[in-house]
Amino acid sequence: MVEQSLLDVVLNSRGHSTTVLNRVIYVAHVEKSSSDLSALEAFHKPLLNESFDDVSRCTGLLMHMGNDTVLHMLEGPSQSVEAFIQKLHNHTGPLSDIRVILSTEDIPNPAMPSWIVKSINLPRADSDLDAKEPLAPHLYRTYKGLVEVGAILTELQGEERDRAIEDMKGKYHEKLPGNELIASCLLYTSDAADEEDSVDLGGRRIIKKKKKKEKIKLRVWKRKEYRR
């Protein structure tokens, strides 16, 4: 029996693909005039087409929340995801106060089966954070919940998957973030202090955290009203 190298093990887990996949989640305010799903899709699709050499490799979930905010989890080849985020920050459009809240490098596979756009109005009082409450645990639960929803949808096929996507709020509301959590994310601003173990993405500081083989970057925030 021939022993496998670490590289062989990694390549086998990726189906022998050498493409590095990343996952990023950002939140933003959206103009009321552009808050319907067709307008959001019309804004994002051209940017995705410009950023991805093969748009079929773009997966994720774009959610319009019930308080004129959006959360977008985007997955794909690292260069394409980075190009999209840069275009988004440089583009004049219906989104404002764009904040990248999580970025995961070198994921083994996409969570979502395709790129999905949904309206999710999910009021949840327990997700309205106190000004001094740490945000990171809520962000990680959001990340984990979205990945779990994606895994469930990926296992489904055909009409069963379509029905699950259509009733996403009803079926998976416990795994989805509430309106108040997204609003709380947008009330925080990044700490201006420099960190050696950090990267700059679109001008926003992100702190690296590791879990298993993925590199998860979390931004550390302060409430605007507490910032000196």
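Modeller: Gladly, and let us begin with a cut-off: a residue is called buried when its relative accessible area is under 20%. Keep in mind that this is a predicted model.

Colleague: Thanks. Which residues of β2 point one way, and which the other way?

Modeller: T59, L61, M63 and M65 point one way from β2, while G60, L62 and H64 point the other way, and all are buried.

Colleague: What makes β2 and β3 a pair?

Modeller: Two strands pair if there are at least two bridges between them. β2 and β3 have six bridges, in the antiparallel sense, so they meet that rule. H64, for instance, stands opposite V70 in β3.

Colleague: And in which sense do β2 and β5 pair?

Modeller: β2 and β5 (residues 115-120) pair in the parallel sense, over six bridges. H64 has a bridge partner here as well, namely S119 in β5.

Colleague: What about β1: which strands is it joined to?

Modeller: Nine bridges join β1 to β3 (residues 69-77), and the two run antiparallel. R23 stands opposite E75 in β3. Eight bridges join β1 to β4 (residues 95-107), again antiparallel, with V100 in β4 as the bridge partner of Y26. As for cover, nine of the 10 residues of β1 are buried.

Colleague: Why is D97 called partly exposed?

Modeller: Partly exposed lies between the buried limit of 20% and the exposed limit of 50%. D97 has a relative accessible area of 36%, so partly exposed is the label. D97 sits in strand β4 and has a positive phi of about 55 degrees although it is not a glycine.

Colleague: Where else is there a positive phi in a residue other than glycine?

Modeller: At D68, where phi is near 55 degrees. D68 lies in the loop between β2 (59-65) and β3, and the hairpin of these strands has three residues between them.

Colleague: Why do C58 and C185 count as buried?

Modeller: C58 has 5% relative accessibility and C185 has a relative accessible area of 1%. Both values are under 20%, so both cysteines are buried.

Colleague: Last one: why do you say that the buried residues of α5 line one face of the helix?

Modeller: The buried residues of α5 (residues 158-166) are R161, A164 and I165. Seen down the axis of α5, they fall within an arc of 100 degrees, so they line one face. The face turned away from that buried side carries the exposed residues E159, D162, R163 and E166.

Colleague: And what covers the buried residues of α5?

Modeller: The cover includes β5, α4 and α6 (168-172).

Terms used:
Residues are numbered from 1 along each chain as its sequence is written. This is a predicted model: local features need pLDDT of at least 70, side-chain atom pairs count only at pLDDT 80 or more; totals for chains, interfaces and linings use all residues. Side-chain values use heavy atoms; hydrogens and water are left out. Buried means under 20% relative accessible area, exposed over 50%, partly exposed in between (1.4 Å probe, protein chains only). Helices (H or I, at least four residues) and strands (E, at least two) are DSSP runs, numbered from the N terminus. The arc is that of the directions from the helix axis to the C-beta atoms. Contact means heavy atoms within 4.5 Å.
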